[in-house]
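Welcome! Please open the structure in your viewer, and let us walk through it one selection at a time.

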Amino acid sequence: MNEKNPTIYKSKSRRAKAISATGDDQIILTTRARIARNIAGFRFGSINNETERKEILNLVKNTFFSSSRNKGYSFYTMNKLPKTQRKLLVERHLISYEMTLKLSGKGFILRGDSKEMGKAISIMINEEDHLRIQSIIPGLNIYRSFNEVIKVEKELEKKLNFSYDKNFGYLTACPTNLGTSLRISVIVHLPAIVVSSKVEDFIKKLSKINCTIRGYFGENSEVIGNLFQIANQVSLGKYEDQIMDEMNAICLNIIDEEKSAKEFLRKNKHENVEDSIFRSYGMLKYAKMLSFGESLELLSMLHLGLDINVIKNIKSFDFYNLIGILGDSNILASYGKNIKLKSEDIDKIRASLIRERILKGFDENV
Amino acid sequence: MICDFCKSNEASIHLIKVTKNNVEKIHLCMDCVKNYSFFSTEDFFNDLTKILSKFFEIDIKISSKDESDKIFESVSVNDNKKCSFCNIDLNTIKSIGRVGCANCYNEFREVLNPIVKTIHGNLEHKGKVPVKSSNDIKIEKEIRDLKYQLKEEVIVENFEVAAKLRDTIKKLQKKLYIGKNAN
């Protein structure tokens with residue numbers, strides 16, 4: 001903008017160096033930015049019918065793929081995808097659980113290999129809002145993921161009219177998403193804060209500054225493996241850059257807190273903590289069947305053990321990557337192509353995967 | 001996950017009790033929560049966290065899918081008018097926790113304003129506007145942005161810039177006024 005038109009709120013740290021999940025910490029495992037848009041003239045997904053959904057689906061699909069820039073994306077309709085595939089997409093947060101209910105007229109556009117963990121952009125069509133555009137990037141990457149989302153929105157906006165109100169901003173089916181409709185959510189792994197009994201304080205602090213805290217799988221899910229999902233609650237009345245800066249600052253704080261909790265554990269011997277780390281190790285090593293939840297709990301403790309030098313003889317591992325590999329749907333997709341796997345079979349495969357990937361070559365003389 | 005109390009229904013509320021050496025998990029279904037004699041249903045929904053915190057002597061994370069469905073609970077439906085575009089009525093909005101279309105925000109503005117204010121703390125959108133918006137909307141956005149900047153400049157006592165901003169705002173307001181009257 002020029003002088004006559006001075007700039008508004010500008011992010012101070014927009015170019016701040018992104019912290020990678022595979023770097024030295026692995027505290028912020030992944031970042032997701034999403035916006036919601038509704039196309040003017042149509043009823044929202046909360047009450048619309050199949051015919052309306054199909055019309056929107058085609059409209060969005062045709063608009064999006066009319067641009068040559070969008071060649072790298074693929075389009076999927078929900079009712080043509082096999083159940084295992086649908087579950088896998090939900091497990092990877094690429095589509096929401098709601099997308100797997102009432103399938104007809106729903107679809108999504110995706111870029112990035114759904115088999116590969118990490119970076120992905122998805123546009124859900126006919127969720128409760130006509131469009132949910134989201135970008136997921138490993139590590140702390142708030143600004144980058146938002147930019148990806150906006151790029152997609154720009155392409156769609158050339159031909160589509162989005163519902164908007166000067167006071168409420170972008171209009172959404174649920175009033176919690178009004179305004180910018182921007183939701184930044186990060187998945188954080190906080191074993192040190194949890195074992196130091198600081199979770200209570202941590203949750204209180206975050207609730208005070210209007211953040212929602214949930215379990216790994218978002219709505220309706222419990223906390224497993226010391227993994228939390230943290231997101232901004234307010235989307236109306238703040239600039240996009242403001243929301244991002246606030247979330248970024250919160251994340252940097254969380255990283256600091258987890259790091260100092262780890263530092264404390266490293267310097268001071270805690271028999272209780274050491275005991276549960278070694279118990280976790282023992283379970284992972286000898287268990288023949290492991291559920292997904294249990295694996296995450298145990299691996300989280302093992303990861304902590306490595307970080308605070310209680311366990312020294314195995315190599316550090318990428319926790320986030322492992323979560324993707326160990327999920328039920330991923331195991332089904334990789335091993336259940338020709339045979340029908342029962343849930344105990346999945347638990348068996350999971351236990352052996354962990355042994356193979358992490359514990360192989362472990363020095364027996366701890 | 002099956003409810004720990006009745007052992008039959010699917011649990012939808014998951015509690016975690018963290019003590020020094022132990023993490024204890026409790027899974028409850030809505031029915032058991034409601035029948036649980038320690039607190040009435042109303043209290044439960046009014047201040048779930050507080051009550052349970054007291055009960056378990058710890059701050060607990062509750063994530064219930066119904067969270068966002070409850071936002072309309074305070075709405076009393078005396079006049080059950082329908083949206084002229086999508087035909088949804090307030091009762092339905094209340095029960096599904098969602099509005100039916102963009103026009104609902106217009107027709108039920110009075111009812112929705114306090115709800116939106118509770119959620120977001122204000123009623124004034126800042127940030128992006130659609131590229132295809134009318135000129136008025138674009139000017140209104142510009143005024144809002146400039147007002148925001150004006151406030152910031154006054155805080156840092158940058159009065160020279162602030163004065164310029166004020167002038168620009170005035171000009172834009174005039175432009176908006178003329179434009180609206182012309183229509």
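Start by selecting A:Lys166 and B:Glu140: their side chains form a salt bridge, 3.5 Å from N to O. Keep in mind as you look that this is a predicted model. Between chain A and chain B the count is four salt bridges.

Now colour the side of chain A that touches chain B. The elements that give two or more residues to it include helix H3 (142-157), helix H5 (199-208) and helix H6 (240-267) of chain A. Sorted by class, this side has 24 nonpolar, 21 polar and 18 charged residues. Widen the view to both chains: 63 residues of chain A are in contact with 56 residues of chain B. The area buried between the two chains is about 5200 Å², with carbon and sulfur atoms giving 57%.

Next, pick A:Glu127, A:Glu128, A:Asp129, A:Arg132 and B:Arg98, which are linked in a network of salt bridges.

Then move to A:Asp307 and A:Lys262, whose side chains meet in a salt bridge of 2.8 Å, N to O. A:Asp307 sits in helix H8 and A:Lys262 in helix H6 of chain A, so this pair ties together parts 45 residues apart in sequence. Is A:Lys262 buried or exposed? With 6% relative accessibility, A:Lys262 counts as buried.

For a last stop, select A:Arg350 and A:Asp328, a salt bridge of 2.9 Å, N to O. A:Arg350 belongs to helix H11 and A:Asp328 to helix H10 of chain A, 22 residues apart. A:Arg350 is buried at 1% relative accessibility, whereas A:Asp328 is partly exposed at 34%.

Terms used:
Residues are numbered from 1 along each chain as its sequence is written. Chains are lettered from A and ligands numbered from 1 in the order in which they are written. This is a predicted model: local features need pLDDT of at least 70, side-chain atom pairs count only at pLDDT 80 or more; totals for chains, interfaces and linings use all residues. Side-chain values use heavy atoms; hydrogens and water are left out. Contact means heavy atoms within 4.5 Å. Buried area is the accessible area (1.4 Å probe) that two parts lose on being put together, summed over both. Helices (H or I, at least four residues) and strands (E, at least two) are DSSP runs, numbered from the N terminus. Ala, Val, Leu, Ile, Met, Phe, Trp, Tyr, Cys and Pro count as nonpolar, Asp, Glu, Lys and Arg as charged, and the others, Gly among them, as polar. Buried means under 20% relative accessible area, exposed over 50%, partly exposed in between (1.4 Å probe, protein chains only).
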